[in-house]
Each structure stands twice: as structure tokens, then as C-alpha cells.
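Hello,

Here is the structure I promised to pass on. Please open it alongside this note; my findings follow below.

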Number of protein chains: 2
Amino acid sequence: MGEILSAGSIEGVVRKDVPERVISRLPIYLQTVETIAATGQTTVSSEALASRSGVSPSILRKDLSQLGRPGRRGVGYACAELAATLRSFLGLDRAQSVAIIGAGRLGSALADYAGFRGRGLRLTAIFDVDEAKIGTTIGALTVSDLSELATWPDDIDLVVMAVPASAAPAAARIAADAGVRGILNFAPTVLETPDSVRVRQVDLASELQVLAYYSALDDNAGTPVEEHSN
Amino acid sequence: MGEILSAGSIEGVVRKDVPERVISRLPIYLQTVETIAATGQTTVSSEALASRSGVSPSILRKDLSQLGRPGRRGVGYACAELAATLRSFLGLDRAQSVAIIGAGRLGSALADYAGFRGRGLRLTAIFDVDEAKIGTTIGALTVSDLSELATWPDDIDLVVMAVPASAAPAAARIAADAGVRGILNFAPTVLETPDSVRVRQVDLASELQVLAYYSALDDNAGTPVEEHSN
DNA sequence: TAGTGTGAACTAGTTCACAGCA
DNA sequence: TGCTGTGAACTAGTTCACACTA
């Protein structure tokens, strides 16, 4: 993907096109700087912020310099201001509305998983197709029929897909038709969506299999494996 | 690229130095090729496999060529053979043993989330520190006290961390001390671990915030976004 | 003086295009 | 002939090093 040259260009809006790689690090910085601010610290250096975010200081400075509101040379970044800039840049000023599709165990767990409130996200609805689940309550929300998504009164910006792989493509189509802007997909399937819908994939088994690779690598470490020191 | 002397090929499996970027795509290929094989198809071209995996054909060919067991020119890849090679390469021949730390809603949901069995992973134990949860049953497993992890009879290769952010660092240390090889961390904290423990981060809020960025971008398409002149 | 902002150098990753083999 | 395997060209991402400024 990538290839953004269409939207907005008519107006002559020169959008600095920030790579997704960078965008995906910003939430971590936000999280970190909020944690630091909560301790009462008012400024933070790139070095401290970077190490607590798990990145290098230079990459952190490059990333933050891209969002226009700079730090102060010789001082560092003002925590509160930086957090506000990050929130605004990520589009979290108005809380994005999130719906969960799939009211099974995973969907229910995600529904009250910490981190919607206070992270610029507002959980708006939970959908399912299972008659037995529709009408039941999860946290403060009642499970609705997925067919209601299309005409849902509150605009839904983002969807968390927590359904089996077999049901995911159909549900994704419904979400896309309803004008949803992004899907966070927990089902182990590659979703095909129109360009207007961004998909991010989270696959438990894939992640574990990546870890399995390195685990197995170490198993064989008795025999001379690559691993060279420097 | 530092030339690596992977001469130690005493055990048949010689693993070159494959970038993590590549490793993290292999589970997707495995998933895809298994799906294709299940339809009865015996061979598959790089183009078909790539498009169903959401990558370009050239990158797929480069990736697969790195694992030594090639496809057949003019034909494609033999599904069954490719799947076996991928499984073996990822270290899934002997099912890796996985433990979940945290028997809350997320932990319980992940415990019976499809994809352990038949994906080369074996869920071995669930731990918690909460007296009220220890001894209760989740699926086929009984929740054990986290302190038992260190002396757990069955070796634990990988851990899924499903605890609050505040509890994660301590739990990670316990896991690292117990010789765990990898941690899949759902808590929104950067974990510091010794080099022997690989961490992969999955943060619901971060992922949604990335999607929020693109969602907000579209909202502002046409009106000047916060932008500074160069 | 301390610590950011940033061009330049470097490194990693992807795509291209075609040689080579079933 | 068809499709993989792969070097070469290209592109993206990271690190370095230091000018610059509060």
C-alpha cells in the first residue's frame, strides 16, 4: 500500500506524507510521555523518551520533528504540550468511535479491555449475527444485530473484527459499505477492502509462530549456529 | 550485511541470517498455503500465493527462496511440501509450549481463541496472581499461581502476557528467569528483557490510534490540515 | 551548555527484469 | 513455454555527526 497522492490534492493541501512506519510509533510515544507526565515531570529529553519507548534517540527526534511542534533545544520536550500535539496529530481530539464485530469471548474481552476511555477512543457498539448473543449486555453496551451496522445512527469510524476467519470477509464488506474508515482484524485472514478502509492485522498465532522461530533457533544453539559477536 | 559463517551445518537445518521482517511474513504464507491445500490444489504459483497473502510476487519469491527448499520453475510451489518446509523452518515441528499469564477476560479469551492446536502451538498452562482465580478452570486448564512458573515441570517456550501494564514488568522478569524464550505482550508497556527473551508487542489502543490517524486524515481531506510551510 | 533539528552517509528492504530450468 | 531464482537498480528507513539555539 502507500501511494497517497489523491485525496486533498485538489485543494492544494500539501500534506506532508508521513510514512506509516512513523505513524505506528507515535502512539507509543504518546503512551510513554503520558506516563512520564503523570509522575509530575514537565519536560523530557529525546534520550529518556526514546529509551522508555524502545527506540533510538535519533529516530525519535526525526519522528517528532515531522509533526511540526518542536522541542526546545537545550531543554527537551514539554510533556504536556507534546502529548497534546501527538493526540491532535493522531486525530484523537474528537474521540474516534469504535465498534466491535463479534461478541464472542475475544470480542467481549476486548470490549472492556482497558484503553478505550482516555486513549481518544469511544466504544460505541458491539455487533454479532448470533441470535443468542443479540440483546445481551457487555459492559455498558447491548449486543446488536450486525445488519444494523449499515444504518447505525452514530457514525462508526473504526471496527475491531473479532469473528472467526470464515465470517470475517463478509463482515468486512458490511463494515466497508457502512463507511467505516479502518478495521483492526483479529481474524487470521487477509481482508480485501476498498482503499477507503485501512486494515491492520493482529494474528495471535502468527505472532507466536515468529517467536517460535527464534525459540527453535536457540534450541539448536549447542551446535555452532550463526550468532557472531562483535 | 556481515558475512555469517553458518558453517555449523551438523544438524541438517542450516538457518541463514533471515531478517525478522521476512520471518514475520512466513506464518502468513503458511496459513495461506494450508488454506489452498485444503481445497485440493497441489501446486500454487508465486503470483496466486502472493496475492492471497497480501504481498507482491517478487517479495514472496525472495522470501521463499531464502528457506532453501525451492519451488519448481515453470510449475510453482508444491503446497504440501511448502507447508512442511515452512512449519519446519519456523520451528513448529515439535509443538512449542505456550503459557498465558493473566487469567482475566483477555487471558481467558486468548486461551480458547482458535489457533493453538493445528498451528504448531500447545497451550500448557495459565497463570495468575489473584487468589480468587487460582484453581478455577479455563477450557481444559486449571489456573495456577504465577510463582509456580519457575518450577513448572513442562518446559515453557513462549508466554502470552495478558496482565495490566502495571503488573507486566514483574511478570516478564519471572518469565525470563524461568527460561522462557519469547513473550507476546498485550500490555501497553515496553518490556525490558534479557537478550535471550524476544518480545513482540500487541497493543490494541496503539493499533486503533494508527487507524484513527488515517480516519482523521480523510475527515480533513479538502480543508488544510495542521500544516506548516517549508 | 545541553540537547534538539537535520543534512549526509549508510543500511535495509523492495521491485525490476531477465537468466535458467523443469 | 511458464514460472521460479536472483543480481542489479531503486527506494525507504536508520544512524551519524554536528550546526544551532534556548
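**The surface near DNA strand C**

Six nonpolar, eight polar and nine charged residues make up the surface near DNA strand C. Keep in mind that this is a predicted model.

In total, 23 residues surround DNA strand C. The closest are Ser46(A), Pro70(A), Gly71(A), Ser56(B) and Lys62(B).

Helix α4 (57–65) of chain A and α4 (57–65) of chain B each supply at least two residues here.

- Arg25(B): a polar side-chain atom is 3.1 Å from a phosphate oxygen of DNA strand C.
- Arg21(B): an N or O atom of the side chain is 3.4 Å from a sugar or linking oxygen of DNA strand C.
- Gly74(A): here a polar backbone atom is used, 3.1 Å from a sugar or linking oxygen of DNA strand C.

**How the two chains are related**

In general, two copies of a chain are related by a rotation about an axis and a shift along it. Chain A superposes on chain B by a rotation of 180°, with 0.0 Å of shift along the axis. The RMSD is 0.1 Å. This is therefore the relation of a two-fold axis. Both copies use the same surface: 90% of the contact residues of chain A recur in chain B.

**The interface between chains A and B**

Contact involves 78 residues of chain A and 77 residues of chain B. The buried area between chain A and chain B is about 7100 Å². Carbon and sulfur atoms give 62% of that area. Leu204(A), Gln209(A) and Tyr213(A) supply 10% of the area that chain A buries against chain B, more than any other three residues.

There are six salt bridges between chain A and chain B. One of them joins Arg105(A) to Asp112(B), with the closest N and O atoms 3.4 Å apart. Polar contacts between chain A and chain B come to 16 residue pairs, counting pairs with both residues at pLDDT 80 or more.

Which helix of chain A gives the most to the side that touches chain B? Helix α8 (residues 204–219) does, with 16 residues. By class, that side of chain A holds 39 nonpolar, 19 polar and 20 charged residues.

Best wishes

Technical notes
Residues are numbered from 1 along each chain as its sequence is written. Chains are lettered from A and ligands numbered from 1 in the order in which they are written. This is a predicted model: local features need pLDDT of at least 70, side-chain atom pairs count only at pLDDT 80 or more; totals for chains, interfaces and linings use all residues. Side-chain values use heavy atoms; hydrogens and water are left out. A residue is near a molecule or strand if one of its heavy atoms lies within 4 Å of it. A polar contact is a pair of N or O atoms within 3.5 Å; within protein, one must be able to donate a hydrogen and the other to accept it, and residues adjacent in sequence count only if both atoms are side-chain atoms. Helices (H or I, at least four residues) and strands (E, at least two) are DSSP runs, numbered from the N terminus. Ala, Val, Leu, Ile, Met, Phe, Trp, Tyr, Cys and Pro count as nonpolar, Asp, Glu, Lys and Arg as charged, and the others, Gly among them, as polar. Copies are superposed by least squares on the C-alpha atoms of residues with pLDDT of at least 70 in both. Contact means heavy atoms within 4.5 Å. Buried area is the accessible area (1.4 Å probe) that two parts lose on being put together, summed over both. A salt bridge is a side-chain nitrogen of Lys or Arg within 4 Å of a carboxyl oxygen of Asp or Glu.
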